[in-house]
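Please read the following explanation with the sequence and the structure side by side.

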Amino acid sequence: MTRIELTVDGDRVSDDVEPRMLLVQYLREKLGKTGTVIGCDTSNCGACTVHLDGRSVKSCNVLAVQANGRTVTTIEGLAATAEGDLHPVQESFRECHGLQCGFCTPGMIMQAVDLLAEKPSPTEEEVRLGMEGNLCRCTGYHNIVKSVLHAASSTSGGEQA
Amino acid sequence: MIPVKFDYLAPSSVEEALAALGEHGDDAKIIAGGQSLLPVLRMRLNAPEVLIDLGGIDSLRGVRDDGDALVIGAMTTHHDVRDDPLVKEHALLLSKAAAEVADAQIRHRGTFGGALAHADPAGDLGAPALALGARFVIAGPGGTRTVEAADFFVDLFETAIGEDEILTEVRVPKHTGWGAHYEKFVRVAHQWPIVAVAATVRGSIDEARIGLTNMGSTPLRATATEAALAGASATEDGVRDAAALAAEGTAPPTDLNGAADYRQHLARVLTGRAVLKAAGA
Amino acid sequence: MTATQDRPAAEIGRDRRRKEDQRLITGRTRWTDNITLPGMLHLAMVRSPFAHADITSIDVSEAEAAPNVVAVLTGKDFGEELGVCINAWPITPDQKTPTHSPMPADRVAFAGEVVAVVVARSAAEARDAAELVDVDYAERPAVLGIKNALEDSILAHPDLGTNKSALWVFDSAEAGTGGDVEAAIEQARTDGILIEREYRQQRLIPAFMEPRSVVVDPTGEQITMWTATQVPHIVRFALAATTGVPESKIRVIAPDVGGGFGGKLQTTPEEWITWAVARRLGKPAKYTETRSESLMAGHHGRDQVQTLTLAADRDGNVTGFKVHLDADLGAYVALVGGGVPVLGAFMFNAIYKFPSYRFECQTVLTNSTWTDAYRGAGRPEATYAVERMMDELAAEVGVDPLEIRERNWITHEEFPFTTVAGLEYDSGNYEAATARAREVFGYDALRAEQRERRERGDRVQLGIGVSTFTEMCGLAPSRVLGSLDYGAGGWEHASVRMTPLGKVEVVTGTSAHGQGHETAFSQIVADLLGVPFEDVEVLHGDTQVAPKGLDTYGSRSLVVGGEALVRAADKVVEKAKVLAAHLLEASADDLEYAGGRFTVRGTDQGLAIQELATATFAGHNYPDGMELSLDADATYDPVNFNYPHGTHLCAMEVDTETGAVRMRKYTCCDDIGVIINPLIVAGQVHGGLVQGIAQALWEEAVHDESGTLVSGSFVDYLLPTSADTISFDVVHTDQPSVCTTNTLGTKGVGEAGTIASTPAVVNAVVDAVRHLGVDDIQMPCTPERVWRAIHAHDGDAPTPEAAMPHFDEGAPNQDEGAGQ
């Protein structure tokens, strides 16, 4: 067991974890942050995307011990980083019907926030390329892309968490 | 989805890391960005007893100007390599190739040195490093040594790095003002390249350097094409004959994404395209 | 606002944002894997690496001794309480159906089959110990691929004596629905056009994003199972039928479910094993699969070889269509199993007036992952076959593909139309959908560009693909299912409950997993009862809350479940009317009902349905003989399928140097009758399109010759990303062809995009290079296949005559790898 201390969604947390525990497992099993989900075992799907020190990462591809001393933001803490009840990207996904079953959605939203932080006014092609690490099986991506573009145009870019 | 149990060490210096490596030997595995290693551990295809994380060694991160070469720290992320102004100015090909590695999330974690040390023949950075004549600085118990790119890649997932050594930085000769393009051929965007061509050219065309991805067990240099391109004009007709030589000496794999002969065909076509794009044609 | 004063705007047809989304976009979700119960145990499966082998011994001692392991159980440790996995649709009386134990004790029949389960206090410890289970196998030869299976030299299940499971036949001459197809073929051979093709429907994997997960809690009076399923009611039925627990003691909950696409229309070994373990140990137990396990052991879809013969006269009027399918069931006959290709039997004639038709389907067993429903289930395969053949016919006759279709389709004046397959299409307008799609697509301009590129010999060629699809959906009239020997009905159930303060609870037997039922059903009820959209709560997916239902698949939820809901709501209004008349001291005949309000004709006296709900709750004043409740339920059995249709047009660019293809434009005009929520409809179409496009271009499940799934992770099973797809033009006709067999006038849309898009894409790819001598490219149309197709005709090789009969010589005309 290794002791780790980190900040997750604004809260300081501290736990003893096995070094083999993945960050996503730590979030789900130790912290009950089940908003972040596991969709694959090869890091292709991006469903587990969170922000580590402000940049998007796949939390299945980070060990919990590697997050020691760092700051993690998940879908559950995202709204608190913006004004209002929802982050503008969350709002945009609802407005543009950017989700159906919703399983990929937390990862999609977290990646979209990162993308817009880097490119506040992306083209459709830039959005499509920027979201290439996140798989969705329901939407055909049409409305996900629309959601990200809508968020960009309505907020002049999502605020970086 | 759950790795086998291991111990975790987070040294804060290269010396500490080398000491840990010396102590645990075969049982230890270095983790850099972990973006290739962790999937392997999750699938239990590898089961090290000790993981030595280089993430806490700040000196391994960053790009610096060292006269006629750039020095890229092994722990510099793909994202940072892509965006680094020095890289864009002096080794544009690396910036272009780093932009094509996996996806944004992976590029935020994955590292330049880690990817090269992993030596996946389908990895995106080997071919450009080879084309640019990169030199690999490797630290070991007896000090550091430098290995030429041509000697660094040994075989599938095998490099010149010894079991008690660590890749610390990569020295890339400056190619200031050279045009560059990384032409990657995939069926879907999140795929490893079926074939890719890394091309960088001076003038149009005075000199060309070309690396091939996934055309053999290691990254390959298309030397015959390079020679034929010297003095060629940057037009389709001008590069055609040179590009036709690109598959010489290659031994690509056959798999679900293509047979070897198709990959060789692709290498020829993509080389022509990459050279023209690199030349700004 | 109170609804008694402000009548809500009409909800049906409105692009309401979804009610479901607030939780999903903030991560407050209830996926099965999120559920944790006190003392819960975790399961890890030990799976066979061999496709076919005898289990000679299993040594569990080391695993049992591992830390925090509670039990290690093998097939021999269970008796009948383990149950079996059922086949609900034996398609013929003599179908060969191997017994499918969730955990066989003696022999495995595909790689990935479970041979032991480890139960531990944590998932990690269960996984660690699973590695320690030592299984000895005696490997048997495995049969893989349809053509090998048909030879019967190696048997998937030796005790059955054959790999052939069932042969199902429909013949229009025998059924009296049309002429004799053999006569039409003979005629065409003499003085018409005969097109013979063999097409491969490659094996696909549904690949829902949420891996399957199941939690069983045996500690209550009812044993509760949470499971990531599309079919909680069918799971409960099958658990009761096969594990000896009375239905009344079983509660099945499908909480938030992350996609299904047919892949969660199953009763799975993993559910049954978890059920048995929890009962055996008396503790809650959870199993969540990894993606690799999901791809390997969750059921696959498609996997057919289609042998097709189309007869036509010289003008391209089709005279007969003969279809022979060989369909790979995998190792077992799954829940619907052989019924999937049979669902396509009625659709090969599509929108056309074919005078004669014959369909044969031979199902075979192999030592591969079992197959069952995947989005469209039988109908995409049928649509692909006929729409590809119509393009081949157009090429042979030398006319535009749209023209050949128009010569053969049912015109809008001809509805209702009884097809050669015996179905009655109630409504449709193929001319209108085609005209609109053609206009939005810019068909003529793209054809001009295509000509120009061909003339110029451009490296990048442009192709235009057409798919004028229809489908049968809204599964299903129960009597029809009975006539096909399906093991259940196709009805649906709904309840409407009025709460004391005037809110509405709607209970549906359908089980949404991303479709947006909560939103669409709320819109329907809001209009019927005149209550605000926000005041309707839709409850589903829990057999304790929604005890009756047949769940969600086959584009049935709105058209069957929604209709049940309409009927239940109508009953509420009828009941409320009696009370309204009493309270308003008027005759019921003098009451008018509109917008949820009863008014006395010619007065301003009135009562809203919410007020009547409150009055019912109080019970202080009501007429004699009235049951003191406004609640109602209804069961609806559809009288017919419904038949959405549409014209899909696709433009593909083909790089002739590399074989790479790129979608340039995709336009579809779907006629799906009345639309409840256009936003949700568009979403269903977009997602459906990409799944169909993915079959055309990217996805294929491949087993190697030993039966190992080569495409066993998302690294090799290629789902497209946003970077591989484009934005689509989704339009509808101005005047939809309203469904005449349900009250709402709706037709199904959940599968339409998937059914339509695959042939549109392949037709476009082939069209781009047809002038280079190509008339088919096997799916998925990989760059390599496209490149080889183009180069197969290098060096002035003669172009094979598309119309030349060749099956007689026993030689397929393409796809040499088909069935391998």
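Asp551(C) lies in the loop between strand 21 (536–539) and helix 17 (557–584) of chain C; helices (H or I, at least four residues) and strands (E, at least two) are DSSP runs, numbered from the N terminus. The model is predicted: local features need pLDDT of at least 70, side-chain atom pairs count only at pLDDT 80 or more, and totals for chains, interfaces and linings use all residues. Residues are numbered from 1 along each chain as its sequence is written, while chains are lettered from A and ligands numbered from 1 in the order in which they are written.

The phi angle of Asp551(C) is near 75°, a positive value in a residue other than glycine. Is Asp551(C) buried or exposed? Asp551(C) is buried, with 28 other C-beta atoms within 10 Å. A residue counts as buried if 20 or more other C-beta atoms lie within 10 Å of its own, as exposed if 12 or fewer do, and as partly exposed in between, with C-beta atoms placed from the backbone. Ala207(C), which is not a glycine, also has a positive phi, of about 55°. Ala207(C) is found in the loop between strand 8 (193–204) and strand 9 (213–217) of chain C, and Ala207(C) is buried, with 28 other C-beta atoms within 10 Å.

Two peptide bonds of chain C also deserve attention. The bond that joins Leu475(C) and Ala476(C) is cis, with omega of about -5°; Ala476(C) is in the loop between strand 18 (460–470) and helix 15 (478–483) of chain C. The bond from Met779(C) to Pro780(C) is cis, with omega near -10°, and Pro780(C) belongs to the loop between helix 20 (752–769) and helix 21 (783–791) of chain C.

The helices of chain C come next. Helix 7 (residues 232–243) of chain C has 12 residues, which at 1.5 Å a residue should span 16 Å; its end C-alpha atoms are 16 Å apart, which agrees. The expected span is 1.5 Å times one less than the number of residues. Among the buried residues of helix 7 of chain C are Pro232(C), Ile234(C) and Phe237(C). The buried residues of this helix pack against strand 10 (223–227), strand 11 (250–253) and helix 8 (269–281) of chain C. Just after helix 7 of chain C, Gly244(C) takes a positive phi of about 80°.

For helix 16 (residues 517–529) of chain C, the 13 residues should span 18 Å, and the end C-alpha atoms are 17 Å apart, which agrees. Helix 16 of chain C is mostly covered, with 13 of its 13 residues buried.

How do two helices meet? The axes of helix 11 (residues 379–397) and helix 12 (residues 401–408) of chain C come within 8 Å and cross at roughly 105°. That makes helix 11 of chain C roughly perpendicular to helix 12 of chain C, because angles of 65 to 115 degrees count as roughly perpendicular. Axes here are lines fitted to C-alpha atoms, for helices over the stretch in contact, and angles run from 0 to 180 degrees between N-to-C directions. The residues that make the contact include Leu393(C) of helix 11 of chain C and Ile404(C) of helix 12 of chain C; two residues are in contact if their C-beta atoms, placed from the backbone, lie within 7 Å.

Chain A is assigned domain 1 (2–76) and domain 2 (79–155), the bounds coming from an automatic or database domain assignment. The centres of these domains of chain A, taken over C-alpha atoms, are separated by 21 Å. In their contact, 17 residues of domain 1 of chain A meet 13 residues of domain 2 of chain A. Strand 3 of chain A supplies the largest share of the domain 1 side, three residues.

Finally, the chains themselves touch. The contact between chain A and chain B takes 25 residues from each of them, and strand 4 of chain A gives the most to the chain A side, with four residues. Between chain C and chain A, 41 residues of chain C are in contact with 45 residues of chain A. Helix 19 of chain C gives the most to the chain C side, with six residues.

How values were computed:
Angles under 35 degrees count as roughly parallel, over 145 as roughly antiparallel, 65 to 115 as roughly perpendicular and the rest as oblique.
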